[in-house]
Amino acid sequence: MLYSLFDYFHRVLDLPGAGVFRYISFRAFAATIISLLIAAIFGKRIINLLRNLQIGETVRDLGLQGQLQKKGTPTMGGFIILASLLIPVLLFAKLDNIYIILLIITTVWTGLIGFADDYIKVFKKDKEGLKGRFKIVGQVGLGLIVGLILYYNDNVVVREYVGNSGQYLDIAKLTTTVPFLKGNEIDYTALGNLMPSWLEWLPYVFICTFIITAVSNGANITDGIDGLAAGTSAIIVLALAIFAYLSGNKIFAEYLNIMLIPNSGEIVIFCAAFLGACIGFLWYNAYPAQVFMGDTGSLMLGGVIATLSLVLRKELLIPILCGIFLIENISVMLQVGYFKYQKRKRGIEYARENRLFLMSPLHHHYQKKGYHEAKIVARFWIVGIILAVLCLVTLKLR
């Protein structure tokens with residue numbers, strides 16, 4: 001909104017200083033500051049409102065240190081992140097940019113899925129929350145929207161250098177970069193060519209749906225101890241913001257020999273607001289947490305990260321960049337699979353006494369081993385930073 005207003009002031013009224021809104025760096029800085037201020041100023045009010053409405057966390061006694069002290073802590077604090085993210089984006093981003101539109105849709109869509117889950121848990125007193133099949137339907141629906149828009153929208157293009165003409169041409173194609181390999185790209189259109197013409201979109205949409213479902217569920221599982229999901233997400237999005245800035249800048253893209261994605265620089269504004277929202281939320285969510293994000297926040301974090309990776313064509317980096325989410329997911333699958341195997345081979349009693357992990361997801365395993373949750377979170381953040389740096393290294397290590 002403000003971008004359009006100040007662009008008018010600059011072009012028509014020639015207002016001194018109005019042209020500063022043309023710069024991504026200025027708007028990204030402003031979005032971060034406003035996002036932090038919204039979280040800081042209104043975060044406490046939202047927490048008090050949640051407390052007055054008796055929207056508190058229900059805690060099962062799993063034998064974890066300090067767990068029972070968290071009973072009654074306000075949940076659904078994901079609204080703090082949503083407000084701190086969406087307001088700066090609406091103010092400072094170009095709202096006609098297809099990538100911004102797609103990211104706003106993802107934010108609202110996954111936030112609503114998470115809200116439905118939290119609402120059922122809190123107000124309907126159903127610990128299971130939204131049934132798994134309904135979550136999957138919602139995630140598949142979002143996958144269809146994201147996949148079809150990226151597949152068919154004319155503004156989703158790659159800018160390529162054409163021969164010796166000195167000209168660049170915008171080409172609508174679905175290519176993605178293979179990390180660590182120079183000049184190697186995968187074109188998803190080739191997969192569509194294996195299908196009937198009316199189903200050529202299906203392979204790509206299936207990939208989008210799988211990625212969105214996996215990453216959003218991974219973030220949801222990671223949200224188990226104070227500050228872990230918000231801090232990890234902030235690290236991931238900071239790396240994606242760097243990719244967005246470089247991919248949208250002709251000079252940097254040419255120098256680094258990476259894919260030039262027109263208008264992707266605008267994504268930096270969204271990432272900056274996201275980063276500010278996560279850091280602002282951590283003010284209240286860091287140990288000892290004054291509020292939990294609930295599924296309203298965690299499903300949204302994962303869904304947005306997945307969509308960011310897809311629009312920036314960095315989805316093949318997800319196993320590294322979202323390594324914390326991945327290992328948390330894998331730890332749960334291994335725990336369940338190992339338990340079922342031992343139950344079948346040696347009986348239920350043996351399976352209960354000889355689990356692969358003391359408890360899953362993985363962060364609970366370390367809690368059971370006696371590590372303080374603040375130390376676990378700090379070390380997971382360190383691992384997340386290392387993984388993010390490794391992803392950024394792929395810009396030159398090919």
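**Helix packing and aromatic pairs**

The axes of helix H3, residues 78–92, and H11 come within 7 Å and cross at roughly 50°, where axes are lines fitted to C-alpha atoms, for helices over the stretch in contact, and angles run from 0 to 180 degrees between N-to-C directions. H3 and H11 are therefore oblique to each other, given that angles under 35 degrees count as roughly parallel, over 145 as roughly antiparallel, 65 to 115 as roughly perpendicular and the rest as oblique. Helices here are DSSP runs of H or I with at least four residues, numbered from the N terminus.

What we have is a predicted model, in which local features need pLDDT of at least 70 and side-chain atom pairs count only at pLDDT 80 or more, while totals for chains, interfaces and linings use all residues. Residues are numbered from 1 along each chain as its sequence is written, and side-chain values use heavy atoms, with hydrogens and water left out.

Helix H7, residues 202–222, also meets H11, residues 294–311, with axes that come within 7 Å and cross at roughly 140°. H7 and H11 are therefore oblique to each other. On the H7 side the contact (heavy atoms within 4.5 Å) includes Cys208, Ile211 and Val215, and on the H11 side it includes Asp295, Gly302 and Leu310. The residues of this contact of H7 with H11 divide into nine nonpolar, seven polar and one charged, where Ala, Val, Leu, Ile, Met, Phe, Trp, Tyr, Cys and Pro count as nonpolar, Asp, Glu, Lys and Arg as charged, and the others, Gly among them, as polar.

Turning to H8, residues 228–247, and H10, residues 267–285, their axes come within 9 Å and cross at roughly 165°, and H8 and H10 are therefore roughly antiparallel to each other. Among the residues that make the contact are Ala234, Leu238 and Tyr245 of H8, and Cys271, Phe274 and Phe281 of H10. By class, the contact of H8 with H10 has 16 nonpolar, three polar and no charged residues.

Finally, the aromatic rings. Rings of Phe, Tyr and Trp (its six-membered ring) pair if their centres lie within 6.5 Å, and planes under 30 degrees apart count as stacked, over 60 as edge-to-face and the rest as tilted; the count comes to nine aromatic pairs. One of these joins Tyr245 and Phe252, a tilted pair at 6.1 Å centre to centre, with 50° between the planes. Tyr245 counts as partly exposed because its relative accessibility is 35%, buried being under 20% relative accessible area, exposed over 50% and partly exposed in between, with a 1.4 Å probe and protein chains only.

Methods:
Helix = DSSP H or I, 4+ residues; strand = E, 2+ residues; numbered from the N terminus.
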